[in-house]
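Subject: Structure handover

Hello,

Here is the structure for your files. My notes on what was found in it follow below.

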Amino acid sequence: MECTIDWQGPEGMLFISRTGSGHVLAMDGAPDGGGRNLAPRPMETVLAGAGGCAAYDVVLILKRGRHAVTGCQVALTAERADTEPKVFTKIHYAFRVTGRDLPAAAVERAVELSHTKYCSAIAMLEKTAGITHSIEIVAA
C-alpha cells in the first residue's frame, strides 16, 4: 500500500493525497490552525477510515453468511487527548444495520468479529483508545 501527500502551497494547510489505488483525497485544517476548512481534517480521515474498515467487515461477514443485509451505517464519536500527540482516547461505533429477517445474533457476531479479528484500523487504534460499540437492527 502506498500514498503520496502534497501540500498545496503557502496560502493555507490544504493537502492532497494520491493513493496507490489511484484515488485522490483532500485534507485541510481549521482556520485557527492556518487552514481554510476546505476539506476534512487529517484525524477526521483516520476516524472515517476506521469506520469504513469496520462497516466493510460487517457487511462482508453478513453477506458471506447469506443474510439479507441491505444497509449498514456506522456513526463514530471520538475523544482525543488534551496534550500532544492528541491521540484518540475513546471511540464509540454506533452500528445501524438494515435487512430482511436479520438475526440479532448474526449481526452481533459480525460486529464482534470485526472488532476482535478483522478490522486493521481498530487493531491499531485500540492501542490508545477504548473502543465500544452499539448495534441497532432495522427491518427492511
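A contact here means that heavy atoms lie within 4.5 Å. By that definition, among the contacts in the protein chain with a separation of 6 or more, 49% are made by residues 24 or more positions apart. Please note that this is a predicted model.

Overall fold

The protein chain holds 3 helices and 6 strands. Their order, read from the N terminus, is β-β-β-α-β-β-α-α-β.

Surface and charge

The protein chain has 140 residues, and 31% of them are buried. On the charge side, the protein chain carries 14 positive and 15 negative side chains. The centres of these two sets are 8 Å apart.

One residue in detail

Y56 belongs to helix α1, which covers residues 42–64. Is Y56 buried or exposed? The relative accessible area of Y56 is 59%. The cut-off for exposed is over 50%, so Y56 counts as exposed. As for its place relative to another part of the chain, Y56 is 57 residues from L113 in sequence. In space, the C-alpha atoms of Y56 and L113 are 12 Å apart.

Regards

Notes: Residues numbered from 1 in each chain as written. Predicted model: local features only at pLDDT ≥ 70, side-chain atom pairs only at ≥ 80, totals over all residues. Heavy atoms only, no water. Helix = DSSP H or I, 4+ residues; strand = E, 2+ residues; numbered from the N terminus. Buried < 20%, exposed > 50% of the residue type's maximum accessible area, 1.4 Å probe, protein only. Lys, Arg positive; Asp, Glu negative; His and termini not counted. Charge placed at Lys NZ, Arg CZ, Asp CG, Glu CD.
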